[in-house]
Amino acid sequence: MAWPLAHAGEVGITVRTYAQDSPAVPTGAESTDSGRASAPPVASFLVTSAAGDSTALAQVDANGLTGAGHARFLSVVSADRYLVGRNAFASGGFNMTGSIGIVGAAAPGLATFTALLEGAYTFSNPTPVGSTVHADYSFLVGSSPEFHGVFDQVDTSGLFSIPFTWTQLVQAGDTIPFALSFTGNASSLAGTADLDVRNTFKITAIDLPAGMTFTPDAQGFLSQFAVPDVSPVPEPSSLLLLGIGMASLGAMKRRGLARSMQSKA
């Protein structure tokens with residue numbers, strides 16, 4: 001029987017930055033940048049914009065082999081007060097799809113998939129002028145319903161950690177699809193807004209029933225979780241033959257030693 005192959009993760013990335021300084025100041029300017037990347041199985045993109053006192057950075061990396069991504073959005077306005085027309089904005093996101101094929105025991109069993117979204121958001125504002133960060137995320141595995149959420153933060157710094165767990169019945173021959181998506185942004189009118197998402201729904205564990213694994217295609221999605229091959233334990237008959245062979249070898253060595261001592265005598 002031909003088992004289903006694990007498909008390499010397909011990833012797509014978009015990033016955009018925008019910086020503007022008030023036309024009322026000599027350094028008045030506007031700057032924008034954007035980019036896209038898509039590839040199997042790894043992609044990344046970084047863009048920056050700068051205009052007078054305003055700068056913005058957006059960086060997104062996604063890895064279809066590990067099922068993990070990184071996203072950072074930074075907007076900085078180096079000024080102690082807000083002026084109309086002065087602002088910085090960074091945004092972007094990624095999507096990732098892939099699948100694994102279940103191999104092994106014939107009897108169906110329960111499999112559990114776990115993932116984690118975590119990161120930090122930081123604000124440094126000279127005045128409370130409403131710098132913000134925003135994130136929108138979704139995660140889908142196997143037959144699970146789409147796990148979706150949104151969070152927004154304003155002017156306060158902190159950490160976040162959002163877990164995901166899904167258990168379903170699997171059997172040999174099943175193909176388990178994965179789909180992850182994440183978008184975020186940071187904006188500032190004065191000061192700094194920084195959203196650093198270290199694990200954009202990194203898949204942390206795949207627990208399959210005893211005797212099951214999934215296709216360990218080197219280019220397959222989540223291939224690092226595949227159970228490595230283990231050398232088979234010798235059967236009792238093999239151990240018996242090995243023991244007989246070692247005993248025979250020992251006897252031959254003893255007879256040779258006896259003959260050598262007799263000749264010397």
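**Entry 1: ground rules**

I count helices (H or I, at least four residues) and strands (E, at least two) as DSSP runs, numbered from the N terminus. By that rule S44 lies in strand β3, residues 42–51. I remind myself that this is a predicted model, in which local features need pLDDT of at least 70, side-chain atom pairs count only at pLDDT 80 or more, and totals for chains, interfaces and linings use all residues. Residues are numbered from 1 along each chain as its sequence is written, and side-chain values use heavy atoms, with hydrogens and water left out.

**Entry 2: the whole chain**

How many helices and strands does the chain have? I find 1 helix and 13 strands. Reading from the N terminus, I get the order β-β-β-β-β-β-β-β-β-β-β-β-β-α.

Next I looked at burial, where buried means under 20% relative accessible area, exposed over 50%, and partly exposed in between (1.4 Å probe, protein chains only). The chain has 265 residues, and 43% of them count as buried. For accessible areas I rely on the Shrake-Rupley method with a 1.4 Å probe; for residues, only the protein chains shown count as cover. The chain exposes about 13400 Å², with carbon and sulfur atoms supplying 59% of that.

I also checked contacts, meaning heavy atoms within 4.5 Å. Taking contacts between residues at least 6 apart in sequence, 73% join residues at least 24 apart.

The chain average is 77, and 74% of the residues score at least 70. Where does pLDDT stay under 50? One such stretch is residues 1–6, for which the model has 20 contacts beyond four places in sequence. Another is residues 257–261, with 0 contacts beyond four places in sequence.

**Entry 3: the cavity**

My cavity search ran on a 1 Å grid over the protein atoms alone: a cavity is a set of points where a 1.4 Å probe fits but cannot get out, and lining residues have an atom within 4 Å of a point. Grid points are joined across faces, edges and corners, and a volume is the space filled by probe spheres set on the points.

I found 1 cavity of 30 Å³ or more. The largest cavity holds about 30 Å³ of space. Which residues line the largest cavity? They are F94, Y137, S138, L180, S181, F182, T200 and F201. The elements giving two or more residues to this lining are β8 (132–141), β11 (175–188) and β12 (191–207). β11 has the largest share, 3 residues.

I sorted the lining by type, with Ala, Val, Leu, Ile, Met, Phe, Trp, Tyr, Cys and Pro as nonpolar, Asp, Glu, Lys and Arg as charged, and the others, Gly among them, as polar. The lining residues come to 5 nonpolar, 3 polar and no charged.

A179 lies in strand β11. Is A179 buried or partly exposed? A179 counts as partly exposed because its relative accessibility is 26%. Leaving aside neighbours within four places in sequence, I see A179 in contact with M96, T97, S138, F139 and L140. A179 and S99 are 80 residues apart in sequence, yet 8.6 Å apart in space, C-alpha to C-alpha.

T183 also lies in strand β11. With a relative accessible area of 40%, T183 is partly exposed. Not counting residues up to four places away in sequence, T183 touches G92, G93, H134, A135 and D136. I noted 8.7 Å between the C-alpha atoms of T183 and A71, which are 112 residues apart along the chain.

S44 is partly exposed, at 43% relative accessible area. Beyond four places in sequence, S44 touches I13, A37, V60 and D61.

My last stop was T112, found in strand β7 (residues 109–124). Which residues does T112 touch, not counting those up to four places away in sequence? I list T165, W166, T167, A205, I206 and D207. For T112 and W166, 54 residues apart along the chain, the C-alpha atoms are separated by 5.6 Å.

Technical notes
pLDDT = per-residue confidence, 0-100. 1 Å grid on protein atoms, 1.4 Å probe; cavity = no way out; pocket = protein on both sides within 12 Å on 5 of 7 lines; lining within 4 Å.
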